[in-house]
Amino acid sequence: MGKVLTEVRSAQRQLKPDTDGLDLLEPTSLRGIAKRASARKDHRFGNLYGEINGEMLRIAFRELNPKAASGIDGETYEQYQEDLDARLDDLVGRLKRKGYRTKLVRRVLIPKGNNQTRPLGIPALEDKIVQRAAAKLLNAIYEQDFIDTSYGYRPNRSAKGAIEGLTFSLQYGTYGYIVEADIKGFFDNIDHEWLIKMLEHRINDRAFINLIRKWLKAGILDTDGMVLHPVTGTPQGGIVSPVLANIYLHYALDLWFEKRVKRNCKGKAFLCRYADDFVCGFQYQSDAKVFYRALFTRLKEFKLEVAPEKTRLHPFSRFNPSSNRQDSFIFLGFELWWGWSAKGEPKVHRRTAAKKQRAAEQRMKAWIKHNRHLPKKEFVDGLKSRLQGHYNYFGVKGNSNGVHRFYQVVLGLMYKWLNRRGGKRKSFTWNQLLRALPHLKLPQPQTKSWPFKLMVFN
C-alpha cells in the first residue's frame, strides 16, 4: 500500500498546476488576482467591478455555449454576434454608468427521473455574458481558498474525479464509518444575506457586491406566466450560481469540517463534496456520531437542512466485507460497498446505482424512439455519442457488468424501435442486427483503471 500511495503522490506533484487553476490563455489581470489571493489569505479585493471591461466581456461571450437556450428576450448567440463590437461597447458603457439592469430569468422544468422535474433558470444572453465575467473573477479568488476535496463546478475537477479519489481513499485508508448526506433544496434555500457576508470576507467592492445582489433578486418568469421574486436561493442554470453555491458551502461546511471537526477527531476523517452532495469518512464510530449530531445544527445556522431520507451514518469497513452490500452507499450515481477481490482480499466495489441505470436506459429508450426516423448516419452518430458519454462516466474498473448491461439494453431498444419505423413490423431480424454491428462501429463497453492524477484524502 505504501508503494501505491508514493506513486500517486508523485503523480500529483508532476501534474500540480502552476497557473492557480487558470487557463494559460486567461487575461494577465486574472492571474494577478489569483496570485494575490493565494499569497494573502486575508486580502479583500477592491475594484473587481472595474475588471469587467471590454476584454473580459469579449472573452466571456466567446466562452458561452452558442447552442444554449435563449432567455426571456429570445436573443440568440448568433444574433448578438452579428454586431458584437457595438453591443459590447454599449454594455460596457451601461456597466460604467451603473445603468446595467438584469432581465427576468426564464424558468423551465427538466426531467429528473421518477416522473419528477427540477426547475432550471435561463438568464437573458447579456446577463449570461456579465455573469460569466463575474464568475471568472470569483473563481480566480476562491480557487485559492477552496479545499482540495471539493469537486463540484470547479476547473479541472469532475464527478468522475470525486468518485475515483473517494474509492482510492476508502480502499487504502483507515476509515471504518461513513456519513452520507444531501442538502434539501440547497439552491433554493441559500440565504442571500449570509452569502453577501461570506463574499465580503474577500471582496471590498460595493459595486461588485451590488451586481451579485441584482442576480440574486432577479425576478423569475415561471412556467405558468407568473413572476416570482425570490428572497432566498440562486437559480440553477445561472452561470454565476455554481461558484456562489461553492462559496456558500465553503464557509458553511468545508472550513468547519477542516478547522473544527477534523481537529477534534480522535482518528482520521475526510470530507468529499460535489455541490450539495457529500460523504464523510471516519476512522472511529465515536467521531462519526459527534459529527452526525453536529451537522444538523451547523447547517441550520445557515438556513439549510439535510434531507433525512438521504442522510445516515453506517459502518463501512474492510474488516466487515459483505457480498450482499448491506452497508453500501450511493454517491454521484455509483453504489459502493466492501466485498472480496478475485484474490480473496477485501476490496471496495463499485457499480452503477440501480436508479441511475434505470434512468439512463429510459433516456436512451426515449431518444431512440423519437429519433428512429433520422437518416442512418445522423442516427448512428447520435447513438455513438450517447453510448460513449455513458462509458466515459460509468466505465470505471469493476463496473464492467453495468456498462455491458447498458450496451445490451441499447441493442434491444434498437431492435424494437427500428423495426417499427414507418409502421413496419420486423423489417430485420436479431441476427441481421448483430451482423450489421461491425459496420456501424458502435463504441464497445469499456472500463478503465485509476487515472494518473488522484486526490488522496487524509
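E335 sits in strand β10 (helices, H or I of at least four residues, and strands, E of at least two, are DSSP runs numbered from the N terminus). This is a predicted model, where local features need pLDDT of at least 70 and side-chain atom pairs count only at pLDDT 80 or more, while totals for chains, interfaces and linings use all residues. Residues are numbered from 1 along each chain as its sequence is written, and side-chain values use heavy atoms, with hydrogens and water left out. Overall, the chain has 16 helices and eleven strands.

**Around E335**
- E335 is buried, at a relative accessible area of 9% (buried is under 20%, exposed over 50% and partly exposed in between, with a 1.4 Å probe and protein chains only).
- The E335 side chain has a polar contact of 2.9 Å with the side chain of S328 (a pair of N or O atoms within 3.5 Å; within protein, one must be able to donate a hydrogen and the other to accept it, and residues adjacent in sequence count only if both atoms are side-chain atoms).
- Another polar contact, at 2.7 Å, links the side chains of E335 and R351.
- Leaving aside residues up to four places away in sequence, E335 touches R325, S328, F329, I330, H349, R350, R351 and A353 (contact means heavy atoms within 4.5 Å).

**The three-stranded sheet**
- β9, β10 and β11 make an open, antiparallel sheet in the order β9-β10-β11 (two strands pair if DSSP finds at least two bridges between them).
- β9 (329–331) and β11 (346–352) each have a single partner strand, so one side of each has no neighbour in the sheet.
- From one strand to the next, the twist in this sheet averages 35° (axes are lines fitted to C-alpha atoms, for helices over the stretch in contact, and angles run from 0 to 180 degrees between N-to-C directions).
- Seven antiparallel bridges pair β10 (residues 334–340) with β11.
- Opposite W340 you'll find P346 in β11.

**The four-stranded sheet**
- The order here is β6-β7-β3-β8, in an open sheet with antiparallel pairing.
- The edges are β6 (269–274) and β8 (312–315); each has a single partner strand, so one side of each is left without a neighbour in the sheet.
- The strand-to-strand twist averages 15°.
- β3 (residues 177–182) and β8 run antiparallel and are joined by four bridges.
- I178 has H314 in β8 as its bridge partner.
- Helix α11 (residues 241–264) lies across β6 and β7 (277–282), and runs at about 170° to β6.
- Helix α12 (residues 285–301) lies across β3, β7 and β8, at about 15° to β3.

**Cysteines**
- Don't look for disulfides in this model: a search of the whole structure finds zero (a disulfide is a pair of cysteine sulfur atoms within 2.5 Å).
- For C265, the closest cysteine sulfur is in C280, and at 9.6 Å that is too far for a bond.
- C280 is in no disulfide either, and its nearest cysteine sulfur, in C272, is 9.0 Å away.
- Both of these residues are buried, C265 with a relative accessible area of 16% and C280 with 0%.

**Whole-chain numbers**
- Of the 458 residues in the chain, 48% are buried.
- Among contacts with a separation of 6 or more, 69% are between residues 24 or more positions apart.
- The chain's accessible surface is about 23,400 Å², and carbon and sulfur atoms account for 50% of that (areas come from the Shrake-Rupley method with a 1.4 Å probe; for residues, only the protein chains shown count as cover).
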